[in-house]
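Below is a short briefing on a two-chain model. Look through the sequence and the structure, then read the points grouped by topic.

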Amino acid sequence: MADQQINFSEILVGPIEQMIEKIGQGIAKAQTSLDKAAIESQKSLLKDFKELADIGYKVNWYHMPEVVVDLKIAMHYEEEKTEGGEKKVGFFMSPFNAKYQNSFAYSADGASSLKIRIVPIPPPAFEIEK
Amino acid sequence: MSLMTKIKEFFKGKNESNKQSDLKKELEKMREQVEDLKNQVEDLDNRNQDLTSKMEATTKLRPMVKIEDLTTHFKEVITKLNRQPPTDGENYVILEQLEAEIKGGLDVKDGIQLSQVLPHELTPQNISSIRFTLRPTSVIKIVKE
């Protein structure tokens, strides 16, 4: 273990909202990339296939209507003291992945899943200029 | 005995006494080193005992949570994430549904509490899971320059 490099972010605990937020940001970034790719495709259509553009052809846009995330986690509860001295229970979770299992010598096969559905949608009703 | 022999014997005795005092010094140094090593071993042994007792305490410690605290926390997470939806600066993502399956032991000493499954007790049957649905909302901005 001593000479093994460990990426601690893979096994350390983090607040639940932080993990959901990080996944959400990744999904938002992916949607932005899809939108930008559609705009670029439409621009290249206008430039390279003018005859198609002239008859009103428009490229499809792609949208992720929903993303279902199923996380297998190890829950950790921790009592924290607030600034006012009150006790509050903090909820943390560790991703239950191969690294975590190796680090703590578990023999478990819980795997998380991320299910993304991407569907084509009609292009929005505005013109993209060259 | 000739004078020469007497002188030789005198120096021979002198050399031997020098050697003896050198050996005594060497022995003293080695004793000090042994004492240092003994102290180091004692320190390390104390640290080892301290760490072992800390590890035992951690293993025995079983954090618990009240069911109402757990549900309130999830409600707060949903409210917080929908008040400030995750964004990459252009698109937002709405948390549409969250389903949590938290596994643990039940403790009834102080009301009903859920006790945490300790790391060494985790098996595929008792890991918790959180399932949530995210819905990206494309925000197309048309800016006239």
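**A bridge in chain B, and the overview**

In β5(B), B:Ile94 has B:Arg135 as its bridge partner. The model is predicted, so local features need pLDDT of at least 70 and side-chain atom pairs count only at pLDDT 80 or more, while totals for chains, interfaces and linings use all residues. Residues are numbered from 1 along each chain as its sequence is written, and chains are lettered from A and ligands numbered from 1 in the order in which they are written. Helices (H or I, at least four residues) and strands (E, at least two) are DSSP runs, numbered from the N terminus.

**The two chains**

- Chain A contains 3 helices and 4 strands, and from the N terminus on they follow the order β-α-α-β-β-α-β.
- Chain B contains 2 helices and 5 strands, arranged along the sequence as α-β-α-β-β-β-β.
- A residue counts as buried if 20 or more other C-beta atoms lie within 10 Å of its own, as exposed if 12 or fewer do, and as partly exposed in between, with C-beta atoms placed from the backbone.
- Of the 130 residues of chain A, 23% are buried; of the 145 residues in chain B, 14% are buried.
- Two residues are in contact if their C-beta atoms, placed from the backbone, lie within 7 Å.
- In chain A, 62% of the contacts between residues at least 6 apart in sequence join residues at least 24 apart.
- In chain B, residues 24 or more positions apart account for 68% of the contacts with a separation of 6 or more.

**Where the chains touch**

- Chain A gives 38 residues to the contact and chain B gives 36 residues.
- On the side of chain A that touches chain B, the elements giving two or more residues are α1 (16-48), β2 (61-81) and β3 (87-95) of chain A.
- β2(A) provides the largest share of that side, 16 residues.
- That side of chain A has 22 nonpolar, 7 polar and 9 charged residues. Here Ala, Val, Leu, Ile, Met, Phe, Trp, Tyr, Cys and Pro count as nonpolar, Asp, Glu, Lys and Arg as charged, and the others, Gly among them, as polar.

**Strand pairing around β2(A) and β5(B)**

- Strands of a sheet pair through backbone hydrogen bonds, either parallel or antiparallel. Two strands are taken to pair if DSSP finds at least two bridges between them.
- Between the chains, β2(A) pairs with strand β5 (residues 128-137) of chain B in the antiparallel sense over 7 bridges.
- Within β5(B), B:Ile130 is the bridge partner of A:Leu71, and B:Arg131 is the bridge partner of A:Asp70.
- Strand β4 (residues 113-121) of chain A lies largely in the open, because 0 of its 9 residues are buried.
- Inside chain B, 9 bridges join β2(B) to β5(B), and the two run antiparallel.
- In a regular strand the side chains alternate between the two faces of the sheet.
- The covered face of β5(B) holds B:Ser128, B:Ile130, B:Phe132, B:Leu134 and B:Pro136, and the uncovered face holds B:Ser129, B:Arg131, B:Thr133, B:Arg135 and B:Thr137.

**The sheet of 3 strands in chain B**

- This open sheet has the order β1-β4-β3 (chain B), with antiparallel pairing.
- β1 (64-66) and β3 (105-107) of chain B are at the edges with a single partner strand each, so one side of each has no neighbour in the sheet.
- β1(B) and strand β4 (residues 113-115) of chain B are joined by 3 bridges, and B:Lys66 stands opposite B:Gln113 in β4(B).

**Helix α2 of chain B**

- The buried residues of α2(B) are B:His73, B:Val77 and B:Leu81.
- They lie on the same side of α2(B), because they cover an arc of only 60 degrees around the axis; the arc is that of the directions from the helix axis to the C-beta atoms.
- These buried residues pack against α1 and β3 of chain A together with β2 (92-101) of chain B.
- The face turned away from the buried side of α2(B) carries exposed residues, among them B:Glu68, B:Lys75 and B:Arg83.
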